[in-house]
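I opened a new page for this structure.

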Amino acid sequence: MKKAPLLALAFTLLLMGHALVSQAAISSVTLKQCHFPTGKGDSEQQIVCVKIAGTAGTYSLTELKMTMGGSTNINDVTSVKVRYNAKKYKFYATSPLFGAAPAPSAGTLTVSGNQSFTLSSTLDTVCFWIVYDVSASAT
């Protein structure tokens, strides 16, 4: 099995907050890089979990920018997608698709979408998973 191409940990998050309660705020955005191996032709391979934590309120993520500067070979990646999951660290390939980058490339990739989520006392963290599809001819 080929080791997963790595995603550089450079990113920008555009988060539009629409608070239901006063003083609602995002308290942290952290990255959890996955270390699962991938193989040629594998799809929906977890690369990075973008964890968003905050106080109770309703928010909407509209844009995520990232680079692939840490990837082993950008040409081995056929697509970059972002999936949303309110179950903290769980990943499901069937989770809602937030958006996809136009094409893997050097430089900044922008993934646009519109995903609302509600944080509460019982759910204070959500995850947006950056996933790759790996080419069948990956080297």
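The entries below follow the order in which I looked things up.

**Ground rules.** I am working from a predicted model, where local features need pLDDT of at least 70, side-chain atom pairs count only at pLDDT 80 or more, and totals for chains, interfaces and linings use all residues. Residues are numbered from 1 along each chain as its sequence is written, and side-chain values use heavy atoms, with hydrogens and water left out.

**Overall make-up.** I counted zero helices and eight strands in the protein. Helices (H or I, at least four residues) and strands (E, at least two) are DSSP runs, numbered from the N terminus. Of the 139 residues, 42% count as buried, where buried means under 20% relative accessible area with a 1.4 Å probe, protein chains only. I then looked at contacts (heavy atoms within 4.5 Å). Among those with a separation of 6 or more, 78% come from residues 24 or more positions apart.

**The sheet.** Which order do the five strands of the open sheet take? I read E2-E3-E8-E5-E6, with antiparallel pairing; two strands pair if DSSP finds at least two bridges between them. The edges are strand E2 (26-33) and strand E6 (97-100), and each pairs on one side only. Neighbouring strands are turned by 20° against each other on average, direction ignored; the axes are lines fitted to C-alpha atoms, with angles from 0 to 180 degrees between N-to-C directions.

**Pairings one by one.** E2 and E3 share seven bridges in the antiparallel sense, and I noted Ala53 of E3 as the bridge partner of Ser28. E3 is joined to E8 by eight bridges; here Gln46 has Val131 in E8 as its bridge partner. Eight bridges also link strand E5 (residues 77-85) to strand E8 (residues 125-134), with Tyr84 facing Phe128 of E8 as bridge partner. Nine of the 10 residues of E3 are buried, so E3 is largely enclosed by the rest of the structure.

**A loop residue.** Glu44 lies in the loop between E2 and E3. Its phi is near 55°, a positive value in a residue other than glycine. Most residues other than glycine have a negative phi. Glu44 counts as buried, at 13% relative accessibility.

**Cores.** A nonpolar core is a set of buried Ala, Val, Leu, Ile, Met, Phe, Trp, Tyr and Cys residues joined through side-chain atoms within 4.5 Å. The largest has 23 residues, and those touching the most other members are Met66, Val80, Val82, Phe117, Val126, Phe128 and Ile130. Strand E3 (45-54), strand E4 (57-67), E5, strand E7 (108-119) and E8 each give two or more residues to this core. A second, separate core of six residues includes Cys34, Cys49, Phe91 and Cys127. I also listed what Val82 touches beyond four places in sequence; Leu64, Phe98, Val111 and Trp129 are among them.

**Aromatic rings.** I found six aromatic pairs in the whole structure; rings of Phe, Tyr and Trp (its six-membered ring) pair if their centres lie within 6.5 Å. Tyr59, Tyr84, Phe98, Phe117 and Phe128 form one cluster.

**Cysteines.** How many disulfides does the structure hold? I found zero, taking a disulfide as a pair of cysteine sulfur atoms within 2.5 Å. The sulfur of Cys34 is 7.1 Å from the closest cysteine sulfur, in Cys49, too far for a bond. Cys34 is buried at a relative accessible area of 8%, and Cys127 is buried at 0%.

Note on methods. Buried means under 20% relative accessible area, exposed over 50%, partly exposed in between (1.4 Å probe, protein chains only). Rings of Phe, Tyr and Trp (its six-membered ring) pair if their centres lie within 6.5 Å; planes under 30 degrees apart count as stacked, over 60 as edge-to-face and the rest as tilted.
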